[in-house]
Amino acid sequence: MTIPKVLLIEDDKKFNVKLKEFIEQQGFYVDSYVSAPEALTVIYSVKDNYDFVVCDMRMPFYGFEDGGVEIAKVVSKQSPSSFIIMISNYFTTKFAIDFMRSMPHKRVTLIDKDKNLEKQLIDIFNNGLAKRYIFVCMPFDKKFTDVYKLGIKPTVEQIGFICERADEIQHNGGIIEKVYGKIRSAYIIIADMTGQNANVFYEVGYAHASEKDVILLTQKAEDIPFDLRNFNHVIYDGQIHILKEKLEERIITLFQQV
């Protein structure tokens, strides 16, 4: 299982070390920096997205007193699937309103350092991880192998999510109940409706009944049944590069609504 990654940016060295040790004790991998420019160099260069970015609001950054704000703006664009947690002793209501309005997405939380910071961080981490799982429903047919392994799965993982299909589930009991459980626990469902497969249709119905966000895929628009034409489908014409581009855009759009 992949260890969740945290980027910690805090210019108080003692506090940085203490908080880093606590987060690591909870089972997370932590990269920590006391310099805002150094942390941004990592953000721009790292290939894997961080699951969470914890950043002190008040630190110097190229003339900005509240340099953490500028860091958060960069992170939200460079790593769109990351959760951003701003920490400080200096938050005001006006700052919170202005800051949240300035952010491209809503996965930002403000925490006062004096108010049980460590417990709040872990609660946010656990809730955030629950929103990183995507389950894929599609026909079990060799002609869909490249669609999944070259298109869907790498696209999902590249932007920092966990991706799983029914044949990847480890189980001892009935697979159907496992699939239902995965649908219930997933944040987003991706379903390839190509060929009008009965099992996929049933799983999509279950996902809709479970009030899940479902991204519907199809190779051809004419393959969409009349009753489903009011749902927005990603139409990829059998082209993996089209699938990857459109799917990434759709996932990020849904995730930015958190």
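**Close-up 1. Phe28 and its edge-to-face partner Phe52 in the predicted model.** Phe28 is buried, with a relative accessible area of 8%, and Phe52 is likewise buried, with a relative accessible area of 0%. By the ring-pair rule the count comes to five aromatic pairs; in that of Phe28 and Phe52, the ring centres are 6.4 Å apart and the planes stand at 75°, so the pair is edge-to-face. Because Phe28 lies in the loop between α1 (13-25) and β2 (29-33) whereas Phe52 belongs to strand β3 (residues 52-56), the pair ties together parts that are 24 residues apart in sequence. Phe28 and Phe52 form one aromatic cluster with Phe83 and Phe125.

**Close-up 2. The stacked pair of Tyr180 and Tyr206.** The ring centres of Tyr180 and Tyr206 are 4.5 Å apart and their planes lie at 20°, so the pair is stacked. Distant parts of the chain are linked here, with Tyr180 in helix α7 (residues 175-185) and Tyr206 in helix α8 (residues 198-209), 26 residues apart. Tyr180 is buried, with a relative accessible area of 15%, whereas Tyr206 is partly exposed, with a relative accessible area of 24%.

**Close-up 3. Asp192, buried without a salt bridge.** Asp192 lies in strand β8 (residues 188-192), and the nearest side chain of opposite charge, that of Arg165, is 8.8 Å away. The side chain of Asp192 makes polar contacts with the side chain of Thr194 (2.6 Å) and with that of Tyr236 (2.6 Å).

**Close-up 4. Charged side chains over aromatic faces.** Arg58 lies over the face of Tyr90, at 4.4 Å from the ring centre, and Lys113 lies over the face of Phe15, at 4.8 Å from the ring centre.

Note on methods:
Residues are numbered from 1 along each chain as its sequence is written. This is a predicted model: local features need pLDDT of at least 70, side-chain atom pairs count only at pLDDT 80 or more; totals for chains, interfaces and linings use all residues. Side-chain values use heavy atoms; hydrogens and water are left out. Helices (H or I, at least four residues) and strands (E, at least two) are DSSP runs, numbered from the N terminus. Buried means under 20% relative accessible area, exposed over 50%, partly exposed in between (1.4 Å probe, protein chains only). Lys and Arg count as positive and Asp and Glu as negative; His and the chain ends are not counted. A salt bridge is a side-chain nitrogen of Lys or Arg within 4 Å of a carboxyl oxygen of Asp or Glu. A polar contact is a pair of N or O atoms within 3.5 Å; within protein, one must be able to donate a hydrogen and the other to accept it, and residues adjacent in sequence count only if both atoms are side-chain atoms. Rings of Phe, Tyr and Trp (its six-membered ring) pair if their centres lie within 6.5 Å; planes under 30 degrees apart count as stacked, over 60 as edge-to-face and the rest as tilted. A charge sits over a ring if NZ of Lys or CZ of Arg is within 6 Å of the ring centre and within 35 degrees of the ring normal.
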